[in-house]
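User: I'd like to go through this model with you and hear what lies behind each label. Please set every value against its definition as we go.

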Amino acid sequence: MADFEIKLDAAKALAMMNKIGSKDKWMKILSSLVATIGLGDVRDHFRREQGSSGAWPELSRSYAEWKQRKYAGRPKLVLSAHLSKSFLPSNIRREGPDAVALFNPVEYSGMHDKGFKGTQNVPAHTRIVQSVFGKKLKAPIKVNVRAHSKKVDVPQRQFMWLSTRAMDLMEKGLLSQML
């Protein structure tokens, strides 16, 4: 899956604003508001582990046990923090003349945000093996793993959404620029 995004369509608001100033000016203001208020809202959902309909589902028992051994104390969707560190103000793009999009460029962000059940292709890679059949090796060894596929069932853990509070704050921000 590619990056995941929230689109904010401002066509009606921009029609009214065009009477006051240029569309480009208002889109820059909207982009700025999304970069601050919208991004903060998304980061807050991620930190609170909360989707638009409530708390995220728990991790599966086997995955939770593995994660506790390897990454104790880290939040549900955090191993390397690559996903959480990818919420950046620069991840905003214009989507046509009347919309902006806040996105996360991490390949698997949409899989977590929307959920995914199906087959996932895994590219060839190298793995460091430290134990075999429960016995620790004298020294870690590198093992080449062939490309393969695996079946996955990732429950939805939504974070790319805007709360009513964030939408209200952005609306107030736009209105304050009109006055």
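User: What makes up the lining of the largest pocket by class?

Analyst: The lining of the largest pocket has 19 nonpolar, 8 polar and 6 charged residues. The classes go by residue type: Ala, Val, Leu, Ile, Met, Phe, Trp, Tyr, Cys and Pro count as nonpolar, Asp, Glu, Lys and Arg as charged, and the others, Gly among them, as polar. Do keep in mind that this is a predicted model, where local features need pLDDT of at least 70 and side-chain atom pairs count only at pLDDT 80 or more, while totals for chains, interfaces and linings use all residues. Numbering starts from 1 along each chain as its sequence is written, and side-chain values use heavy atoms, with hydrogens and water left out.

User: Why is a space called a pocket and not a cavity?

Analyst: Both are sets of points on a 1 Å grid over the protein atoms alone: in a cavity a 1.4 Å probe fits but cannot get out, whereas a pocket is an open set with protein on both sides within 12 Å along at least five of seven lines. Here the largest pocket has about 1300 Å³ of space, a volume being the space filled by probe spheres set on the points, which are joined across faces, edges and corners. A residue lines the pocket if it has an atom within 4 Å of a point. There are 33 such residues, and the closest to the centre are Tyr 63, Leu 79, His 112, Gln 120 and Lys 150.

User: Which elements give two or more residues to the lining of the largest pocket?

Analyst: They are helix H3 (61–70), helix H4 (109–114), strand E6 (116–122), strand E7 (125–132) and strand E9 (148–154). E9 gives the most, with 5 residues. These names follow DSSP runs numbered from the N terminus: helices are H or I with at least four residues, and strands are E with at least two. The protein has 5 helices and 9 strands.

User: Where does Ser 149 fall, buried, partly exposed or exposed?

Analyst: Its relative accessible area is 44%, so Ser 149 is partly exposed. Ser 149 belongs to strand E9 and touches Thr 119, Gln 120, Asn 121 and Val 122, leaving out residues up to four places away in sequence. Val 122 is 27 residues away along the chain, yet the two C-alpha atoms are separated by 5.4 Å.

User: And why does Pro 123 count as buried or exposed?

Analyst: Pro 123 has 59% relative accessibility, so it counts as exposed. You'll find Pro 123 in the loop between E6 and E7. Its C-alpha is 6.6 Å from that of His 148, 25 residues apart in sequence.

User: What makes phi worth a look at Glu 49 and Phe 133?

Analyst: Most residues other than glycine have a negative phi. Glu 49, though not a glycine, has a positive phi of about 55 degrees, and Phe 133 has a positive value near 50 degrees. Glu 49 sits in the loop between H2 and strand E2 (50–51), and at 17% relative accessibility it counts as buried. Phe 133 is in the loop between E7 and strand E8 (135–145), and its 84% makes it exposed.

User: What makes a set of residues a nonpolar core?

Analyst: The members must be buried Ala, Val, Leu, Ile, Met, Phe, Trp, Tyr and Cys residues joined through side-chain atoms within 4.5 Å. The largest such core has 25 residues, and Val 34, Phe 46, Phe 87, Leu 102 and Phe 159 have the most contacts inside it. Helix H2 (23–48), strand E5 (99–104) and helix H5 (164–178) each give two or more residues to this core, with the largest share, 10 residues, coming from H2. Phe 46 touches Trp 56, Phe 87 and Phe 159, among others.

Technical notes
Buried means under 20% relative accessible area, exposed over 50%, partly exposed in between (1.4 Å probe, protein chains only). Contact means heavy atoms within 4.5 Å.
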